[in-house]
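Q: Got a model open here and want to talk it through. Can you take my questions as they come?

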Amino acid sequence: MMGLMASDETRTETRTEAPTEARAQARAGSGVPEVPGDAPATRAWTTWTTRLLMLGIVLAAVNLRPAITSLGALLEEVRDGLGMSGSIAGLLTSVPPLCFAVFGVTAPRLARRFGPGAVVCAGMVAITAGLLIRPYAGGTGGFLAATALALMGIAVSNVLMPVIVKRYFPDRVGSMTGLYSMALAFGTSVAAAATVPLTDALGGHWQPGLAVWAVLPALAVLPWIPFVRNRKAPTATAPSTPPGPGPQGEKPAEQPPLRITRSRTAWALAVFFGLQATAAYITMGWMAQIFRDSGVSAGTAGLLLAVIMVMGVPLAFVIPRVATRLPHQGPIVVVLGVCGLAGYAGLYFAPVGGAWAWALLLGVSNCAFPLALTMVGMRARTGAGVAQLSAFAQSTGYLISIPGPLLVGVLYQHSGGWGLPIALMSALMVPQIVVGVLAGRNRTVEDEAAR
């Protein structure tokens, strides 16, 4: 696939980039934040370099979720081995969104100083170190700290990967984003499915079963090394018609930032993003344990979690295309929410008998994530508005999602079963549908923020 997408770049090209002001306008129009390395430069871009960067993007995307789903598959063994209570385990499952909210906001600043390639490379190193250290950290505190280190690397890479795709492949954003999303879903599902079998093959101890996932980010470091010092590299393919400066070379006046908090749509989208993230991290952290406590074997529980995650591969392509053709995305929100409610109901009444059906339904419901990203791009008219709305919706949303997994752990510990946690998951699906319908209305944040 990478060879096909690079086929029209089989010749070495040398080009001089557009003036700084023109590139700034192009970036403002696309909603991509300023990244380092945008000074005018002339440099040969070869097929080999392009393919190496594509390989780096794919390998980095594969490593953005296994740290979470591999832990979910072995959560019971980790709890027993470290003597964790249900509340502490709930805290552990709340760490991913917390780290994404805290460390993700530092990514643009780090990229401006060191270059995005260097930051992603360092992110892969952090993931490797965290995954290698955490099983042998010697206690709950060390385990949490090492997990946070790995998640810090995931957070900064998660933020910068779409920026890198937009910067280096401006005329192939769709295909590269599809490849990136597929790789992310693949890594998520493989870690969920393979962690238990790998643990058994490595002697049945959970420590090597978790540590083995450090191999993938270590490999992902290699293709990024040539880009560590490459801050001034040109794009792999230039935009077909880059906009130039204003009349007589004048730089257009900068638009003031939106007062995004005045927009009801922005708030609705932020809450929708937070609630879908809550469901996703509860699923990644607890769903395998729910199936295991219901009588499903550990290996099958990991496969069921993998089924939930792998549904994101095809639907991540389908949902955005359908959403952009509709004036109101509310119907899609309702369909995803109903699938979630049906899956939770089945999980409560017949967790073993219909386990595969519930996994499929919950997998469909979890695809609210690509829908949320699509609506971010549709609810703003300008590139600057998209960037501002994206930052607001994601940062606020991840903060909203932090208590969910923790609360599930507390309810599980104090009730001694999964009835109350499943009821909580079902209850959260109702406001998710409501705010999703509000966020899906055909309006823009620019109009609302100006009122």
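Q: What does the side chain of Ser-157 reach?
A: The backbone oxygen of Gly-153, at 2.9 Å. Keep in mind that this is a predicted model.

Q: Where does Ser-157 sit?
A: In helix H9, which covers residues 140-168.

Q: Buried or exposed?
A: Ser-157 is buried. Its relative accessible area is 0%.

Q: And what does Ser-157 touch, beyond residues up to four places away in sequence?
A: Leu-64, Val-120, Gly-123 and Met-124.

Q: Thr-396 next. Which backbone oxygen lies 2.8 Å from a polar atom of its side chain?
A: That of Phe-392. Thr-396 itself lies in helix H19.

Q: How accessible is Thr-396?
A: Its relative accessible area is 16%. The cut-off for buried is under 20%, so Thr-396 counts as buried.

Q: Which residues is Thr-396 in contact with, leaving aside neighbours within four places?
A: Trp-267 and Ala-270.

Q: Switching to rings. How many aromatic pairs are there?
A: The count is eleven. Take Phe-100 and Tyr-398: the ring centres are 5.6 Å apart and the planes are at 75°, so this pair is edge-to-face.

Q: Which parts does that pair tie together?
A: Phe-100 is in helix H6 (residues 86-104) and Tyr-398 is in helix H19 (residues 383-401), so the pair links parts 298 residues apart in sequence. Both Phe-100 and Tyr-398 are buried.

Q: What about the rings of Phe-273 and Tyr-398?
A: Centres 5.4 Å apart, planes at 85°, so that pair is edge-to-face. Phe-273 lies in helix H13 (residues 264-293) and Tyr-398 in H19, so the pair ties together parts 125 residues apart in sequence.

Q: Which residues form the aromatic cluster with them?
A: Phe-100, Phe-273, Tyr-281, Phe-369 and Tyr-398 form one cluster.

Q: How far apart are Pro-97 and Ile-402?
A: In sequence, 305 residues. In space, 5.7 Å from C-alpha to C-alpha.

Q: Is Pro-97 buried or exposed?
A: Buried, with a relative accessible area of 0%. Pro-97 is found in helix H6.

Q: Which residues of H20 are buried?
A: Gly-404, Pro-405, Val-408, Gly-409 and Tyr-412. Seen down the axis of H20, these buried residues fall within an arc of 140°, so they line one face of the helix.

Q: What comes just after H20?
A: Gly-416, with a positive phi of about 75°.

Q: And H14, what span should it have?
A: With 13 residues (298-310) at 1.5 Å a residue, H14 should span 18 Å. Its end C-alpha atoms are 18 Å apart, which agrees.

Q: Which of its residues are buried?
A: In H14, these are Ala-301, Gly-302, Leu-304, Leu-305, Ala-306, Val-307, Ile-308 and Met-309.

Q: Zooming out. How many residues are in the largest nonpolar core?
A: It has 124 residues. Ile-57, Trp-224, Phe-272, Met-287 and Leu-371 have the most contacts inside it. H13 gives the most to this core, with 18 residues.

Q: What is Ile-57 in contact with?
A: Leaving aside neighbours within four places in sequence: Met-161, Ile-164, Val-165, Phe-169, Met-176, Tyr-180 and Trp-224. Trp-224 is also one of the residues with the most contacts inside the core.

Q: Last one, the whole chain. How many helices and strands?
A: There are 22 helices and two strands. Of the 451 residues, 53% are buried. Among contacts between residues at least 6 apart in sequence, 84% join residues at least 24 apart.

Methods:
Residues are numbered from 1 along each chain as its sequence is written. This is a predicted model: local features need pLDDT of at least 70, side-chain atom pairs count only at pLDDT 80 or more; totals for chains, interfaces and linings use all residues. Side-chain values use heavy atoms; hydrogens and water are left out. Helices (H or I, at least four residues) and strands (E, at least two) are DSSP runs, numbered from the N terminus. Buried means under 20% relative accessible area, exposed over 50%, partly exposed in between (1.4 Å probe, protein chains only). A polar contact is a pair of N or O atoms within 3.5 Å; within protein, one must be able to donate a hydrogen and the other to accept it, and residues adjacent in sequence count only if both atoms are side-chain atoms. Contact means heavy atoms within 4.5 Å. The arc is that of the directions from the helix axis to the C-beta atoms. Rings of Phe, Tyr and Trp (its six-membered ring) pair if their centres lie within 6.5 Å; planes under 30 degrees apart count as stacked, over 60 as edge-to-face and the rest as tilted. A nonpolar core is a set of buried Ala, Val, Leu, Ile, Met, Phe, Trp, Tyr and Cys residues joined through side-chain atoms within 4.5 Å. The expected span of a helix is 1.5 Å times one less than its number of residues.
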